[in-house]
Amino acid sequence: MRYNGSVLSPLAKVIRQRRTPIKRIEGNVTGLKANQIHRLQHIYRRKVPAQQIVTQELARYLCELSLELNRQIGVLIDRKGTIEYVVVGDHKSIFLPDLGRARVAANRLRGLRYVHTHLRGEPFTPDDMADLAHLRFDVMVAIDVGADGLPDDARVASLLPDNPDGKQWDVQDGLPINQLEMNFLSFIQALENEFERTQQAYAVGDKRERAILISITTGSKAVAEESLEELAELASTCGVVAVDRIIQQRSQSDPHYVLGRGKLDEVIVRSLQVGADLLIFDQSLTPSQSRAIAERTELKVIDRTMLILDIFAQHAHSREGKLQVELAQLKYLMPYLAGQSTALSRLTGGIGGRGPGETKLEIDRRRVQERLHHLEKQLRSVAQGRHLRRQQRQRRHLPVISIVGYTNAGKSTLLNALTQSDVLVQDSLFATLDPASRRLRFPRDLEVIITDTVGFIRDLPPDLMTAFRATLDELRDADLLLHVVDVSSPAMEDHIRAVETILSDLQMDDMPRLMVLNKIDLVAPEMVVNLARLHQAVPIAARDRRTLPRLIERLQEVIWDQLHNDPRLVVSGMS
Ligand SMILES: Nc1nc2c(ncn2[C@@H]2O[C@H](COP(=O)(O)OP(=O)(O)OP(=O)(O)O)[C@@H](O)[C@H]2O)c(=O)[nH]1
Ligand SMILES: [Mg+2]
């Protein structure tokens, strides 16, 4: 018998129906009659030719039904012209469902166009524009429903690539409905090409991860700008290029998103314009803020503390250093592990998710607890070894000079110059994590130990401070703290203050201290003279050993004086 499609067996009918599952009608469906739901479901059966935004038939169908329901109706159509979602709103707005499954790279358009009806001929609302921005639709279309239920004019909005006016979108109003049958595919192709071209104009040829730096401040813009400058350096040390900076001044930070929702949507469009895949906040985010921002923006979200932890993770070499960093990372990230967290899963791997240890931030909270205990135990045993070494050193009674200072001030360079060593020197932040000690013999046959250690930074994350407590506590053994200041930095005064704050937090503010102004080769000599007088500091250029004799002389004097006041210390020539 020949198969005849029209006489399907009941079973075959069921199978056929199953193969095209009934798609859900999203949104406000309460109070709709079964037949209206059925007619809404019918919309899923339609297909729009890929090259048209919407067909006149579909527009007519949506308008007629919309008028009858007195509710807006929206459809989301993919690039092939398949209708992915049908959503019902009320008479003036539509609340869109979570499009989670349709996620695409954050620096591209979503590949969905959003067509919906407007019942009062009203222009796009701020909510419409927020949807366009935050969901990165290919285009957003509103079709006015005429009094007779037929489509009236339409308006189309699309996001704009980077432009000199700083505009985020373009709206075309009063379009006759047949214009929506324009060649959509070539329009969207051209738009995407333009996005790609303008994205590449930022950080040309740079293959690193691209970030937008964000600061929310209740204070002055200038201070925030300076702080972002440092954040950019931290980012660059992490292998991330900062492609844009955004500062928002607010009277207080938004508890949910830190910055306002409107501003956050602006950030989303901006990340599309500059091709960023990462947001870095200068302020600390709570786990719930970080999660909320990551969810709304679909971007990776990191704060300054995570960035610093990441640098530490990359730069830790010694066993103790690695243990300390992993401990700090786990402690900081622990609260993020509560509940399911897209924010964190987006962090694993790449920046913010690098760990020196074995865990690589595994999401299992209990295992993290176990790991924390294990790390703390190991650190204690390392600390014992350190205690022994320290006792041995004290038995030798050599005076100790410890170099301290803001990160990148030139501490390691100075240690090297004074002792002809080759401790790693780098134009990056936190190049040194592990303390280094060298012997130095002064001309007067006086021998001392000089130590170089981890640099300081303003608002040092407390978890890092705790983790590095043992390393920092060693500074207490010093007979003199040599405070190295980068005199060429515009933020020099802030740096001095930050170092002093940390020393006082460590209760080391009453220890003998000598300040040196480093990198004098980079600033005008008169300025150096003034600043040196102001801070009673010794000017040097650690890179140029010819500038060091005055410092050596001063160090020798200070230590010599101390020797005669402290019987423990012995001049090596006399022992
Ligand atoms: N122009 C100039 N550059 C210097 C001088 N001293 C150090 N530098 C540069 O400053 C950068 C930082 O030097 P480091 O010695 O690594 O600084 P640090 O204080 O040890 O930094 P961290 O260990 O990262 O905290 C390097 O690029 C050095 O070459 C100097 O006297 N003049
Ligand atoms: Mg160093």
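This is a predicted model: local features need pLDDT of at least 70, side-chain atom pairs count only at pLDDT 80 or more; totals for chains, interfaces and linings use all residues.
## Other salt bridges

The model has 31 salt bridges. One of them joins the side chains of Arg-270 and Asp-162 at 3.0 Å, N to O. Here too, distant parts of the chain are linked, since 108 residues separate Arg-270 in helix H7 from Asp-162 in the loop between strand S6 (151-159) and strand S7 (169-175). Arg-270 is buried, at 15% relative accessible area, whereas Asp-162 is partly exposed, at 25%.

Another salt bridge brings together the side chains of Glu-447 and Arg-441, 2.8 Å from N to O. Glu-447 is buried, with a relative accessibility of 9%; Arg-441 is partly exposed, with 49%.

## Helix H7

Helix H7, which holds Arg-270, covers residues 261-274. From first to last C-alpha, its 14 residues reach 20 Å, close to the 20 Å expected at 1.5 Å a residue. The helix is mostly covered, with 10 of its 14 residues buried; among them are Leu-264, Val-267, Ile-268 and Leu-272. Gly-275 follows H7 and has a positive phi, near 70 degrees.

## The six-stranded sheet

An open sheet of six strands has the order S13-S14-S12-S15-S16-S17, with mixed pairing. Strand S13 (436-441) and strand S17 (538-539) each have a single partner strand, so these two stand at the edges and one side of each lacks a neighbour in the sheet. S17 runs parallel to strand S16 (residues 513-518), and two bridges join them. Within this pairing, Val-516 stands opposite Val-538.

Helix H16 (residues 492-505) packs on the sheet, where it touches S12, S15 and S16, and its direction makes about 155 degrees with that of S15. Helix H13 (residues 411-419) lies across S12, S13, S14, S15 and S16, and runs at about 35 degrees to S13.

Ser-412 lies in helix H13 and Thr-432 in the loop between H13 and S13, so the pair ties together parts that are 20 residues apart in sequence. Both Ser-412 and Thr-432 are buried.

## Strand S3 and its partners

Strand S3 (residues 83-88) is mostly covered, as five of its six residues are buried. Strand S1 (residues 25-27) runs parallel to S3 and is joined to it by three bridges; in this pairing, Gly-27 has Val-88 as its bridge partner.

Strand S2 (residues 73-78) runs antiparallel to S3, and five bridges join the two. Val-75 is partnered by Val-86 in S3. Four residues lie between the strands of this hairpin, in which Gly-81 takes a positive phi near 95 degrees.

Conventions:
Residues are numbered from 1 along each chain as its sequence is written. Chains are lettered from A and ligands numbered from 1 in the order in which they are written. Side-chain values use heavy atoms; hydrogens and water are left out. The expected span of a helix is 1.5 Å times one less than its number of residues. Buried means under 20% relative accessible area, exposed over 50%, partly exposed in between (1.4 Å probe, protein chains only). Two strands pair if DSSP finds at least two bridges between them. Contact means heavy atoms within 4.5 Å. Axes are lines fitted to C-alpha atoms, for helices over the stretch in contact, and angles run from 0 to 180 degrees between N-to-C directions. A salt bridge is a side-chain nitrogen of Lys or Arg within 4 Å of a carboxyl oxygen of Asp or Glu.
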